[in-house]
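Me: I am new to this structure and would like to learn how to read it. Could we take one feature at a time?

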Amino acid sequence: MKADVIIIGAGVIGTACAYYLSRRGIRVLVLERSHLCAGATGATAAIISVGGTSGTPEPLRPFNMESHRLIENLEQDFEKPMEMIRGGSLFVALNEQEVQEIRSYYEHARLMGIDGKLLDGSEARRLEPLLSPCVAAAFYNPVSYHVNPFRLCAGYLDAAAQRCGKVEYGVEVQDIIVQKGRIDRVVTNRGDFHAEWVVAAAGAWTPQLFKSVDIAVPIVPARGQAILTEACDRLTNLSLSFSNHVYLRQTESGNFYLGSQTEFAGFEDRITFEKMAAFTDVPARAVPILGRLRAIRFFAGFRPISGDELPIIGPIPGCPKIIIASGHGKTGMRYSASTGKAVSELIADGTTELSIEAFQLKRFQKNKQK
Ligand SMILES: Cc1cc2nc3c(=O)[nH]c(=O)nc-3n(C[C@H](O)[C@H](O)[C@H](O)COP(=O)(O)OP(=O)(O)OC[C@H]3O[C@@H](n4cnc5c(N)ncnc54)[C@H](O)[C@@H]3O)c2cc1C
């Protein structure tokens, strides 16, 4: 297949771009060096909410709303369900300081039009009987669901393949060669590939794609760690969040996923007891059932965090047909659909109806260009 667009990376962002481009009849080829969801997407909690916790920066709010709406309706176009569980989110407070924190989440969500609820401890336990008496209060955000990230990405790719999309695994992009502002070739361990456009969606590894093109892409890896328990009966549809960005959800198969921690430790993927202990303590006190379940998997993932924690979506200086779609940080699952839609419109129409001005690479003044 001759591709119009090469997408580098089969995480949630690359696969979403493939899906929305293929919907426009644009032939896409996804090159992934490893396997589907090999990066941050394979480690994510995959909680997709509007509002969230510490405040969605203003430029991301419409992007957040649009993506939420789009993902919610994707299954109409997917052959297999993405194991979406619609229960809303509960932000749990154990002490007075955390009660203040959840009040601010509540206010923030209100700004985004979310009709949430502040609950005292007993109301929280009525809504979520798994909670122990040590829970003092909670904020309920109804506009939130969680999905199986592997199913979401497979859905994006399968639906792209039904149209004009293809993926090749085991292909590592080593360089992108640009001549006179146009893409000459994409150099890989399996030889050269050619396309008019390239979408760089390699997550935390995106800066490494630009060896010959002399631009600085300010994205660094922020390690997150997670634990999966053995499966048990379905106990909750809510996702639960605790202080210090620790979150818990029960997957469709019945396993509990507990994840958190943001560490700037390069690409070091060791699981550390120190961090595990730090993030398991509070959930274990608040949700006693956790203490009775065996942990069966421990893993880490690297969130792609940009210099100002906003994503980078748009062309690179000097070569408008290389589009970066990365840097989504701690909330990339939320923004996959709006990112894919924006990228597809940029390529198909030369412009997008979504507001992405704040996400341009040029905002980082230090970028150099050859
Ligand atoms: C513990 C944890 C919990 C999280 N929870 C949430 C949450 O609840 N909600 C939310 O919205 N977000 C969450 N996130 C963040 C979210 O998961 C990420 O923002 C998102 O997955 C990033 O997707 P991506 O496609 O940009 O990158 P990735 O998923 O990292 O994908 C990049 C892909 O590119 C491939 N690649 C890299 N270099 C090359 C190359 N040279 N050639 C070919 N392929 C290459 C990699 O193998 C990888 O598959 C969480 C993240 C973590 C780690």
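Me: How many Å separate the centres of domain 1 and domain 2?
Reply: This is a predicted model. Taken over C-alpha atoms, the centres of domain 1 and domain 2 are 28 Å apart. The domain assignment gives domain 1 as 5–67 + 149–214 + 308–363 and domain 2 as 86–143 + 220–306.

Me: How many residues of domain 1 are in contact with domain 2?
Reply: On the side of domain 1 there are 27 residues, in contact with 28 residues of domain 2. The touching side of domain 1 consists of nine nonpolar, 14 polar and four charged residues.

Me: Now a helix. Which residues of helix 3 are buried?
Reply: A residue counts as buried if 20 or more other C-beta atoms lie within 10 Å of its own. In helix 3 this holds for Glu-98, Ile-102, Tyr-105 and Ala-109. They are on the same side of helix 3, because they cover an arc of only 50° around the axis.

Me: What do the buried residues pack against, and what does the other face carry?
Reply: The buried residues of helix 3 pack against strand 4 (89–93) and strand 6 (137–141). On the face turned away from the buried side are the exposed residues Glu-96, Gln-97, Gln-100, Arg-110 and Leu-111. Helix 3 covers residues 96–111 and spans 23 Å from its first C-alpha to its last, close to the expected 22 Å. After helix 3 comes Gly-113, with a positive phi near 80°.

Me: Which elements cover the buried residues of helix 5?
Reply: The cover includes helix 1, strand 2 and strand 8 (165–169). Among the buried residues of helix 5 are Pro-149, Leu-152, Cys-153 and Tyr-156. Helix 5 has 15 residues, 149–163, and reaches 22 Å, close to the 21 Å expected.

Me: Where are Lys-180 and Glu-309, and how exposed are they?
Reply: Lys-180 is in the loop between strand 9 (173–179) and strand 10 (182–188). It counts as exposed because it has 6 C-beta neighbours inside 10 Å. Glu-309 is in the loop between strand 17 and strand 18 (312–316). With 14 other C-beta atoms within 10 Å, Glu-309 is partly exposed.

Me: Last, Phe-256: is it buried or exposed?
Reply: Phe-256 has 24 other C-beta atoms within 10 Å, so it is buried. Phe-256 belongs to strand 16 (residues 255–263).

Me: Which residues does Phe-256 touch, leaving out those up to four places away in sequence?
Reply: Phe-256 touches Thr-229, Leu-248, Gln-250, Leu-290 and Leu-293.

Key. Residues numbered from 1 in each chain as written. Predicted model: local features only at pLDDT ≥ 70, side-chain atom pairs only at ≥ 80, totals over all residues. Helix = DSSP H or I, 4+ residues; strand = E, 2+ residues; numbered from the N terminus. Expected span 1.5 Å × (residues − 1). Buried ≥ 20, exposed ≤ 12 C-beta atoms within 10 Å, placed from the backbone. Arc of directions from axis to C-beta. Contact = placed C-beta atoms within 7 Å. Domains from an automatic or database assignment. Nonpolar A, V, L, I, M, F, W, Y, C, P; charged D, E, K, R; others polar.
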